[in-house]
Amino acid sequence: MPGDPVASLVARTGGVSSDGTAALVKYYNELFGLNKSLPEQFINFWASLLQGDLGRSVFGHGRPVTEQIMGAVPFTLALLIPAILLSWWAGNSFGALAARRKWLDNTVLPVGYILTATPYMWLGLVFAFVLGFTFKIFPLSGGYGYNLEPSLTWRFFTDLVAHWIMPFLSLFVVMFGGWAIGMRNMIIYELESDYSRYLEALGAPQGLVRKYAFRNAMLPQITGLALQLGVIVAGSLVTEIVFSYPGVGQLLFNAIKSSDYFLLQGIFLFIIVGVLLANFIVDIVYIIVDPRTRVGMRGGTA
Amino acid sequence: MTSGLTADTKMESVSGSPDKDAAILPAKKASGEFLYFALRSKKFLVALGILFVLIVIAVFGPIIDATDPLAQNGIPIQPPTADAGNWFGTTYFGEDVFAQFANGLRATFFVGLLGGGLAALIGMAVGFTAGYRGGWIDEILNMLTNVVLVIPTLAVLIVITSYLKARGVFFEAIFVGITSWPWAARAIRAQTFSLRSRDFVDLAKLSGRGTWRIIVQEIAPNMSSYLFMTFILLFGGAILIAASLDFIGLGPTGGMSLGLMMFNAVTWAALNLGIWWWFIPPGIGIMATVGALYVMNVGLDEIFNPKLRDI
């Protein structure tokens with residue numbers, strides 16, 4: 001990546017004499033370990049990575065990268081986990097309800113497609129403009145009020161929630177549309193299949209047929225969740241930028257702006273490992289939910 | 001964000017009987033039948049209409065309103081009025097929002113077409129090869145697909161794009177294309193798998209035709225509707241990814257795009273100044289384009305798949 005981070009860091013400090021500048025450059029080069037040869041730097045990188053040290057951040061004036069990421073992660077997870085789980089649950093239930101019901105279907109389908117076609121950040125902007133700027137219901141930016149210090153008080157907690165609602169809502173709404181459409185399509189497909197027809201021919205009540213269809217349609221939706229994780233994470237990154245929410249996305253944005261490669265590299269490593277881990281968890285959930293995979297793993301055939 | 005999902009669903013529903021039926025019909029009769037249903041599908045026609053309007057704006061907008069989208073010569077922060085040349089108002093710097101919108105829409109269609117097209121090509125090449133050849137080639141290609149699928153694409157795109165000092169819409173489209181193909185490859189592989197053991201493929205093999213000729217002449221035509229729909233989904237997906245990339249500040253340098261408009265609006269505090277006409281139009285542009293593509297896809301599905309028709 002182009003650009004000299006040390007030069008930009010020294011430039012930001014500003015107002016020092018030429019001697020001072022030289023001393024600063026020397027100090028920062030030693031701090032970041034840039035005074036060593038390239039192979040040495042590479043070995044150093046792996047050695048410190050194994051010790052959980054990702055180096056120091058230029059953007060954070062030399063603070064360790066790990067510390068900065070760890071400070072941002074709780075905010076991102078607090079946004080992502082409820083948004084993913086709630087939208088998955090709500091979208092699936094709603095989509096299943098809508099399938100093959102004329103009136104609901106005619107509204108859910110277009111609305112769902114419009115929602116999935118909405119860029120995350122734009123919905124965030126609209127929420128911020130309507131709820132934050134025009135009606136002033138929720139604060140426009142930040143993770144908590146600038147006049148507050150993080151503490152375990154009731155006032156801080158309510159402030160935290162007030163700042164959390166809008167980014168959460170914009171993530172939730174876009175994802176909701178996607179799950180609802182996916183579920184609706186799957187249910188229609190399942191209701192066409194032989195076992196549903198057979199149940200219907202036997203005179204089973206509609207509710208029972210739908211229940212079986214729902215359980216079968218769930219499985220592709222779980223796979224879909226695993227496939228979509230990368231996109232969802234990307235969505236949360238841009239949403240955080242809209243609201244200046246102090247999560248990983250905002251940190252990434254700042255890292256790009258100040259060409260801070262140590263921080264960038266750390267964030268990427270973190271995101272990739274996080275997404276892989278989440279994929280792994282989804283795989284395990286799949287085994288728990290689908291008995292056929294368990295039978296297959298023991299060597300039997302379903 | 002459903003692109004993967006809907007595709008999976010489509011894969012299931014298309015793998016039923018319709019394509020076989022369509023293949024049995026003589027080509028002319030089949031296309032006539034599709035046209036008949038296309039003209040009666042409300043979803044298809046409405047989506048086509050919206051897309052047509054947007055394409056007209058993208059193609060003729062910059063010609064009619066020849067204002068330079070980056071020229072700062074209007075009155076700053078003008079709300080939209082009915083006067084000619086000020087339909088969408090002006091930005092904080094006095095740039096014409098309509099000129100930016102029309103030029104941005106152009107870039108959006110360009111990225112979708114090129115990025116989506118490239119992704120469709122790679123997806124087809126990988127999917128057909130893996131599905132038809134099978135064996136260790138399939139194993140390797142499948143591994144590659146899974147690796148690219150799991151990696152958070154946006155993160156990789158950010159690294160690649162930040163290496164380049166000057167970026168154009170063209171490069172952006174290429175980057176989006178090379179990273180968004182995996183789900184398409186997966187879906188096409190599954191389809192090819194189900195087709196490769198059919199009688200007509202065996203017959204073609206017996207007659208001594210080469211692998212690529214069999215794929216192009218026997219397998220691809222049997223899933224042409226499916227391939228077309230895959231392209232449409234990739235088209236929409238590429239537009240959304242490019243918009244996110246622009247929004248982080250890695251959009252085209254010196255050009256204009258809808259995502260870049262939103263980035264500029266947020267950077268220059270349009271939200272706090274209440275300049276809503278700066279960031280609302282680009283979002284609506286993206287939403288309308290991608291939404292129309294998705295709805296058109298549903299319409300096409302109903303046209304090609306007799307099971308889903310309710311006309």
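Student: How many helices and strands are there in chain B?
Tutor: This is a predicted model. Chain B has 15 helices and zero strands.

Student: What share of chain B counts as buried?
Tutor: Of its 311 residues, 50% count as buried.

Student: And the contacts in chain B, how many join residues at least 24 apart?
Tutor: Take contacts between residues at least 6 apart in sequence. Of these, 73% join residues at least 24 apart.

Student: Let's pick a helix pair. How do the axes of α13 and α15 of chain B cross?
Tutor: Helix α13 of chain B covers residues 258-267, and helix α15 of chain B covers residues 276-304. Their axes come within 9 Å and cross at roughly 155 degrees.

Student: Roughly parallel or roughly antiparallel, then?
Tutor: Roughly antiparallel. Angles over 145 degrees count that way, so α13(B) and α15(B) qualify.

Student: Left-handed or right-handed?
Tutor: The crossing of α13(B) and α15(B) is left-handed.

Student: Which residues meet there?
Tutor: From α13(B), B:L258, B:M261, B:M262 and B:A265. From α15(B), B:W278, B:F279, B:P282, B:G283, B:G285 and B:I286.

Student: How many of them are nonpolar, polar or charged?
Tutor: The contact of α13(B) with α15(B) has eight nonpolar residues, two polar and no charged ones.

Student: Switching to the core. Which residues touch the most other members of the largest nonpolar core?
Tutor: A:I267 and B:M262. That core has 151 residues.

Student: B:M262 again. What is B:M262 in contact with, leaving aside neighbours within four places in sequence?
Tutor: In chain A, B:M262 contacts A:M121, A:W122 and A:L125. In chain B, the partners are B:F247, B:F279, B:P282 and B:G283.

Conventions:
Residues numbered from 1 in each chain as written. Chains lettered and ligands numbered in written order. Predicted model: local features only at pLDDT ≥ 70, side-chain atom pairs only at ≥ 80, totals over all residues. Core = buried A, V, L, I, M, F, W, Y, C linked by C-beta atoms within 7 Å. Buried ≥ 20, exposed ≤ 12 C-beta atoms within 10 Å, placed from the backbone. Contact = placed C-beta atoms within 7 Å. Helix = DSSP H or I, 4+ residues; strand = E, 2+ residues; numbered from the N terminus. Axes fitted to C-alpha atoms, helices over the stretch in contact; angles between N-to-C directions. Parallel < 35°, antiparallel > 145°, perpendicular 65-115°, else oblique. Left-handed = near helix turned anticlockwise from the far one by under 90°. Nonpolar A, V, L, I, M, F, W, Y, C, P; charged D, E, K, R; others polar.
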